[in-house]
Amino acid sequence: LATGAPLDASKVKITRNPNPSKPRPNEELVFGQTFTDHMLTIPWSAKEGWGTPHIKPYSNLSLDPSACVFHYAFELFEGLKAYRTPQNTITMFRPDKNMVRMNKSAARICLPTFNSEELLKLTGKLIEQDKHLVPQGNGYSLYIRPTMIGTSKGLGVGTPSEALLYVITSPVGPYYKTGFKAVRLEATDYATRAWPGGVGDKKLGANYAPCILPQLQAAERGYQQNLWLFGPEKNITEVGTMNVFFVFLNKVTGKKELVTAPLDGTILEGVTRDSVLTLARDKLDPQEWDVNERYYTITEVATRAQQGELIEAFGSGTAAVVSPIKEIGWKDEDIHVPLLPGEQCGALTKQVAQWIADIQYGRTKYDNWSRTVA
Ligand code: COI
């Protein structure tokens with residue numbers, strides 16, 4: 001798709017909110033419920049290309065009711081976080097990965113692509129305006145939600161000729177108030193999250209709405225989330241809105257394996273997923289550990305659980321970072337995942353969460369994973 005005039009961060013216009021808000025106490029922060037004082041909007045049209053970026057007071061959007069976002073789901077989003085470091089600077093965690101994925105999502109649904117670096121500069125400026133609202137403390141951060149919608153009027157189904165890219169930010173606390181809380185999953189084979197040739201690897205809003213009903217159905221049976229299976233083999237793909245990892249112990253060789261599904265087009269290319277894999281490959285002793293992206297099935301999990309070879313399982317995503325799993329309902333039985341005595345997770349899950357948090361909060365430097373913005 002030809003995008004016309006490129007996105008240019010140097011053209012940004014800033015209108016300060018005349019009524020700046022005070023930071024809320026950390027314990028009042030509910031995920032995605034409080035927003036900061038400013039938002040970033042950037043219009044795009046096929047005629048003009050990317051228009052003037054505007055950082056302005058957080059406010060409603062005004063759209064024609066026939067806008068294509070409302071009818072044909074021309075919508076994509078990203079989720080990333082900014083953290084307050086011990087030096088009181090604000091850093092974004094691996095934002096370049098989100099920009100790459102956002103451009104892939106845009107290209108897939110014929111919305112305009114953009115220069116990643118320019119959007120990162122603009123997002124940095126947005127965060128700067130609301131720097132005082134970035135919370136402090138382990139588990140607390142600023143959740144950043146870049147979004148793009150098709151805004152062209154008319155009910156014809158076709159390439160949007162107008163779009164809006166906007167970014168809103170939300171101070172958030174830990175996904176689970178009590179820190180880690182291991183969840184019960186229902187292995188779900190009566191609904192499919194994503195399929196080959198589909199868009200399950202893109203961050204489109206349209207992937208999320210259809211997952212709520214199966215989640216409610218699982219909840220009726222006492223499970224918090226769906227463990228999404230795929231195909232006649234019943235491959236394990238994702239959990240809820242997250243990627244998923246399992247840890248097995250091979251009792252014959254004594255070797256442990258960290259495993260997650262491969263990126264075959266049905267799996268979201270999670271930034272936390274990539275961070276877990278990268279850190280595990282870098283830090284775990286290869287004599288003791290294999291770190292694999294491979295297909296594995298619910299049958300393998302069930303069988304190995306019976307043999308005492310299933311030792312941990314956890315979801316990974318930006319919102320919760322890692323989310324330990326304690327039980328999986330499958331065929332009228334519950335597969336039990338062991339937890340550390342008196343704790344809500346296994347040893348590797350705990351270790352991985354610590355590695356990631358240390359980098360996110362700027363206690364450790366790792367590669368160029370942190371980008372200072374304010
Ligand atoms: C994540 O970061 O885990 C998500 O994708 C959650 C988001 C849809 C709220």
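Let's start at Gly346. Gly346 sits in the loop between β18 and α7. Now pair Gly346 with Ile212. They are 134 residues apart along the chain, and their C-alpha atoms are separated by 28 Å. Keep in mind that this is a predicted model.

How far can we trust it? The protein chain averages a pLDDT of 96. Of the residues, 99% score at least 70. The ipTM is 0.93 and the pTM is 0.97. One caution on reading any such model: where pLDDT is low, the predicted coordinates should not be read in detail.

Next, the helix after that loop. α7 covers residues 347-360, which makes 14 residues. From first C-alpha to last, α7 reaches 20 Å, close to the 20 Å expected at 1.5 Å a residue. Which residues of α7 are buried? Leu348, Thr349, Val352, Ala353, Ile356, Ile359 and Gln360. Look down the axis of α7: these buried residues fall within an arc of 135 degrees, so they line one face of the helix. The background is simple. An α-helix has 3.6 residues a turn, so residues three or four places apart point the same way. After α7 comes Gly362, with a positive phi near 75 degrees.

Compare helix α6, residues 298-306. Its buried residues are Ile298, Val301 and Ala305. They cover an arc of only 60 degrees around the axis, which puts them on the same side of α6. A glycine follows here too: Gly308 comes after α6, and its phi is positive, near 75 degrees.

One more helix, α5. It runs over residues 271-283, so 13 residues in all. The reach of α5 from first C-alpha to last is 18 Å, close to the 18 Å expected at 1.5 Å a residue. Buried in α5 are Val271, Thr272, Arg273, Ser275, Val276 and Ala280.

Now the ligand. Which residues are around the ligand? Gly79, Thr241, Met242, Gly317, Thr318, Ala319 and Ala320. By class, the shell around the ligand holds three nonpolar residues, four polar and no charged.

On to Lys203. The UniProt annotation, from an unreviewed entry, reads "modified residue: N6-(pyridoxal phosphate)lysine" and covers Lys203. In the model, Lys203 is found in the loop between β10, residues 183-188, and α4, residues 212-220. Is Lys203 buried or exposed? Buried, because there are 23 C-beta neighbours inside 10 Å.

Stay with β10 for a moment. Thr188 lies in that strand. Thr188 counts as buried, with 23 C-beta neighbours inside 10 Å. Thr188 and Val157 are 31 residues apart along the chain, and their C-alpha atoms are separated by 33 Å.

Pro160 lies in the loop between β8, residues 141-150, and β9, residues 162-172. With 25 C-beta neighbours inside 10 Å, Pro160 is buried. Pro160 and Ile109 are 51 residues apart in sequence, yet 9.2 Å apart in space, C-alpha to C-alpha.

Then Ser45, in strand β2, residues 38-45. Ser45 has 17 other C-beta atoms within 10 Å, so it is partly exposed. In sequence, Ser45 and Asn17 are 28 residues apart; in space, C-alpha to C-alpha, they are 27 Å apart.

Last, two backbone points. Lys234 is not a glycine, although its phi is positive, about 60 degrees. Lys234 has its place in the loop between β11, residues 225-230, and β12, residues 235-239. Lys234 is partly exposed, because 17 C-beta neighbours lie inside 10 Å.

Lys331 is the other one. Its phi is positive, about 55 degrees, and Lys331 is not a glycine. Where is Lys331 found? In the loop between β17, residues 321-330, and β18, residues 333-336. Lys331 is exposed, with 10 other C-beta atoms within 10 Å.

Conventions. Residues are numbered from 1 along each chain as its sequence is written. This is a predicted model: local features need pLDDT of at least 70, side-chain atom pairs count only at pLDDT 80 or more; totals for chains, interfaces and linings use all residues. Helices (H or I, at least four residues) and strands (E, at least two) are DSSP runs, numbered from the N terminus. The expected span of a helix is 1.5 Å times one less than its number of residues. A residue is buried if 20 or more other C-beta atoms lie within 10 Å of its own, exposed if 12 or fewer, and partly exposed in between; C-beta atoms are placed from the backbone. The arc is that of the directions from the helix axis to the C-beta atoms. pLDDT is the predictor's confidence in each residue, from 0 to 100. A residue is near a molecule or strand if its C-beta atom, placed from the backbone, lies within 6 Å of it. Ala, Val, Leu, Ile, Met, Phe, Trp, Tyr, Cys and Pro count as nonpolar, Asp, Glu, Lys and Arg as charged, and the others, Gly among them, as polar. UniProt positions are given in the numbering used here, feature names are shortened, and annotations may be inferred rather than shown by experiment.
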